[in-house]
Amino acid sequence: MLVLLGFLIILGLIYFVFLGKSSPVVAFIILPLIAVLILGFSGGEIADFIMTGIDQTWQIAVLFIFSITYFGIMNDAGLFDKVINKLLYFSQNRVTAIYISTVLIAMVAHLDGSGATTFIITIPALLPIYLKLGLKPTTLILLVASAAGAMNFVPWGGSTTRTASIIGINPTELWIELLPVQVFAMLLAIGLAIILPKIEKVDLKNTQGEGFKVSTLEFTEEQLKLKRYKLLPFNAILTIALVIMMFAFKDLPLFVIFMIGVAIALPLNYRTLKEQHARIEAHASSAILMATIILSAGVFLGVMSESGMITEMANAVVGILPDFMGQFVHILVALFAAPIHLVVGTDPYYYGLMPVIENVAQTFGISSKSVGIAMIIGEAPTWVVSAVAPAVYLAIGLAGVEYKEHLKYSFKYTWAMSILMVAFAIVIGLIPLK
């Protein structure tokens, strides 16, 4: 029953969320709740499931509200205007240069291994450039995400630390073995930035017209009234200080950092209570909308995981594999990590699915380390399209796109990168075939 209802929920998500038939908030809450009621769980148990899931997502929701507000204030005040104008001037018609710069900036931003930090640093700064040049925000998310996926192998990254804890190995030792694949993934991300303009036939001539010349950002009279160019040094120092805090104080939640940032930025740039309320209201709608989606994704994640549906679904899939495929089960999971990750969050992927795959693989003489390495490599570039990864909603919210747009655009590229990375690991012998 758990398995049947689990797969029915997945079909429901495909219909309501992936096909855009309903708000994700509705599907993420109603579908799993119907399932657990049918299964006969008590009200107290269901409440525990929900609270467990929300415990995993509420910080991202609060972070989203305050980060959106902070960067909204900074954009209103004109913090990024001069940098953007310089980049616009030097880019001219070189879309490839913009894409490569995006990847390189995101790689540096992801040195701390946090997807949320990477999206917060890169998307608000680069989005105005993409919009000015008529480039897709979905492309910005994809390029940032591909760079984040490549950098996520670091020993302090979530995937590496989770796997190391499961198979009982030092994260640094695991990372050293993964290093060749990480370098390959970085090259893939840069390669994607190079080939995307050619694949999609994107250049500034066909987005802006044959005679288009990159100039500067243009503002309405109302927008100009909000600019605080005289305060640019103070806003820059404040923003740099927040970024330094992200790296220097890892025990301090990101949302606290941006709470502090908003509390300082508002009175610094807009002195009257009326102006401060206006800036909060200007950015409230997008912030609150995405925060509700993130929290509802937590409901879905908690109910699916804590009720046992995710584990039973994984067991069922593994159980129907023919015997001759058992020795390749870790490779199969790695190759299909992209579709698996659509509905299986990062924690269920590692803490729920990996032990199952590990047990099956061991009966065929496959080591736990080989299973862990395969599943990390397959998952690295694919988490950025997961419907139950809170950081994904942070990214699409910052970029102003809907999840279905992001999924439709990015899924094929992230899955292709995942397959290429697994194939490379097999070729160099990091993932043994038997």
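Which residues do ring pairs link into a cluster? Hi everyone, let's answer that together. Keep in mind that we are looking at a predicted model. The members of the cluster are Phe28, Phe300, Tyr393 and Tyr403.

Searching the whole structure turns up 14 aromatic pairs. One of them joins Phe28 and Tyr393, whose ring centres are 6.2 Å apart. How do we describe a pair like this? For two aromatic rings, we give the distance of the centres and the angle of the planes. Here the planes of Phe28 and Tyr393 stand at 90°, so we call the pair edge-to-face; the cut-off for that name is over 60 degrees.

Now, where do these two residues sit? Phe28 belongs to helix α2, residues 24-38, while Tyr393 belongs to helix α20, residues 390-399. Because of that, their pair ties together parts that are 365 residues apart in sequence. And are they buried or exposed? Phe28 is buried, with 0% relative accessible area, and Tyr393 is buried too, at 1%.

You'll find Tyr403 in helix α21, which covers residues 403-427. Tyr403 has a relative accessible area of 4%, so this residue counts as buried. From Tyr403 to Tyr393 is 10 residues along the sequence, and 7.5 Å in space from C-alpha to C-alpha.

There is one more ring I'd like to show you. Lys412 lies over the face of Tyr409, 5.4 Å from the ring centre.

Which residues make the nonpolar surface patch of about 840 Å²? Please find Met1, Leu4, Leu8, Leu11, Ile14, Val26, Ile30, Ile34 and Ile38. Helix α1, residues 2-18, and helix α2 each supply at least two residues of this patch. Met1 itself is placed in the segment before α1. With 60% relative accessibility, Met1 counts as exposed.

Finally, have a look at helix α8, residues 158-167. Its buried residues are Ser159, Thr160, Arg162, Thr163, Ala164 and Ile167. What comes after α8? That is Gly168, with a positive phi near 70°.

How values were computed: Residues numbered from 1 in each chain as written. Predicted model: local features only at pLDDT ≥ 70, side-chain atom pairs only at ≥ 80, totals over all residues. Heavy atoms only, no water. Phe/Tyr/Trp six-rings, centres within 6.5 Å; stacked < 30°, edge-to-face > 60°. Helix = DSSP H or I, 4+ residues; strand = E, 2+ residues; numbered from the N terminus. Buried < 20%, exposed > 50% of the residue type's maximum accessible area, 1.4 Å probe, protein only. Lys NZ or Arg CZ within 6 Å of the ring centre and 35° of its normal. Patch = residues over 30% accessible without salt bridge, like charges linked within 9 Å, V, L, I, M, F, W, Y side chains within 5 Å. Areas by Shrake-Rupley, 256 points an atom, 1.4 Å probe, with all protein chains shown as cover. Salt bridge = Lys/Arg side-chain N within 4 Å of Asp/Glu carboxyl O.
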